[in-house]
Amino acid sequence: MDELHRCAGELLLNNNSPIHADWDARALRSAIDSAGVALWTWIVDNDEFIMDARGFELWDLPPGSELTFEHLSAQVHPADRDRVRAAFVATRVVEGQFEIDFRILTSASEVRWISARGLGGNGDATARKMTGIFLDVTGRKQAEEGHELLAGEMSHRVKNLLALAAGLTTITSRTTETKEEMAKQLTQRLTALGRAHDLVRPLPNGQGSAALLGDLFSVLLAPYDDMSAFAGRIRVAVPRMGIGEKAATSLALVIHELATNSLKYGALSAEQGLLDISGSTVAEDVEILWSEQGCAEIPKNSPEGYGSKLLQRTVGGHLGGSIVYDWTAGGVVVTLRMRVSDLAH
């Protein structure tokens, strides 16, 4: 333990500054514990790896067990293992500080992010010893991943809205004869689209109440229906049931994504295309059939596309269900199956 305290002093204090009398081993240990820092030393020649109690807890290992670097690296996530080994091995001959973030797998198959920071050879490569700290940075990494996911989703939505605006312009041009009439109908459609888009974002402070399933589809799809010759080509017939606020937000995302795809290259992109939405209850689930017909050809969505991933994540995660595509000649049937209990929230 004295060795670990010495390491703490080297890591936390400026080597050019004298150690204050109040910064004894107990004070250093208290500061280290409060920061969630784990201390470690790697003896390069015999591969021995020494950690304090916090280190064993962080790596989910039996306290005090004998370790080598190879034993420890076996717990590193397979996708990061080679990178971590290369980084540690490189520091054997390179003096100075290093830092690397990586994932480990605990005994419960939990993924945990760790940041390793150290000093090669204690500043002297001939010493054949490295000292450093481990930090649990799981929370920070999850926040970064959340921000990246949000940024990707927002970018995807902006692109979708632009595509929707272009598609609505095309629909409107087919059913109007003058620019004044087109401007009026297009403004009405874009206004309706804005109202429908409000359903995609949750209301603050728990405002709002449950909506009817049929009303949710009708309101969100109203901007895409033709207003004259081809009026009524979107038909909705689903079970009468209430949808909770959270479920309505998730389902609205799904409807918007499917409508965008249809407007790009599906039934809504063709003059005489038909979109039929029907539903029924099956045991404790509700099954929705999104059927598009009247298209010359509909390309299959790539399973790696962001829109497909968004649909799978929303339906499978937030709504406790599944989504299946059945491609037919000149159309597609999308089957949504969701738990009634999840739709109520």
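Predicted model: local features only at pLDDT ≥ 70, side-chain atom pairs only at ≥ 80, totals over all residues.
**What is the order of the strands in the open sheet of 5 strands, and what is the pairing?** The order is 7-9-10-12-11, and the pairing is mixed. Residues are numbered from 1 along each chain as its sequence is written, and side-chain values use heavy atoms, with hydrogens and water left out.

View 1. Strand 7 (234–237) and strand 11 (322–328) are the edge strands, each pairing on one side only. Here, two strands pair if DSSP finds at least two bridges between them. Helices (H or I, at least four residues) and strands (E, at least two) are DSSP runs, numbered from the N terminus. On average, neighbouring strands of this sheet are turned by 15° against each other, direction ignored. Axes are lines fitted to C-alpha atoms, for helices over the stretch in contact, and angles run from 0 to 180 degrees between N-to-C directions.

**View 2. The hairpin of strand 9 and strand 10.** These two strands pair in the antiparallel sense over 9 bridges. The hairpin has 2 residues between the strands, and A283 takes a positive phi near 55°. V282 stands opposite D285 in strand 10.

**View 3. Strand 12 and its partners, strand 10 and strand 11.** Strand 10 and strand 12 run antiparallel and are joined by 9 bridges. Look for W290 opposite V334 in strand 12, and for E292 opposite V332 in strand 12. Strand 11 and strand 12 (residues 331–339) also run antiparallel, with 7 bridges joining them. V324 has T335 in strand 12 as its bridge partner. The hairpin formed by strand 11 and strand 12 has 2 residues between them, and G330 in the turn has a positive phi of about 75°.

**View 4. Helix 8 and helix 9 cross each other.** The axes of helix 8 (residues 213–221) and helix 9 (residues 245–265) come within 10 Å and cross at roughly 40°. The two helices are therefore oblique to each other; angles under 35 degrees count as roughly parallel, over 145 as roughly antiparallel, 65 to 115 as roughly perpendicular and the rest as oblique. L213, L216, F217, L220 and L221 in helix 8 meet A248, L251, A252, I255, H256 and A259 in helix 9, where contact means heavy atoms within 4.5 Å. The residues of this contact divide into 10 nonpolar, 1 polar and no charged. Ala, Val, Leu, Ile, Met, Phe, Trp, Tyr, Cys and Pro count as nonpolar, Asp, Glu, Lys and Arg as charged, and the others, Gly among them, as polar.

**View 5. The two helices on the strands.** Helix 8 lies across strand 7, strand 9 (274–282) and strand 10 (285–293), and runs at about 30° to strand 10. Helix 9 lies across strand 10, strand 11 and strand 12, running at about 15° to strand 10.
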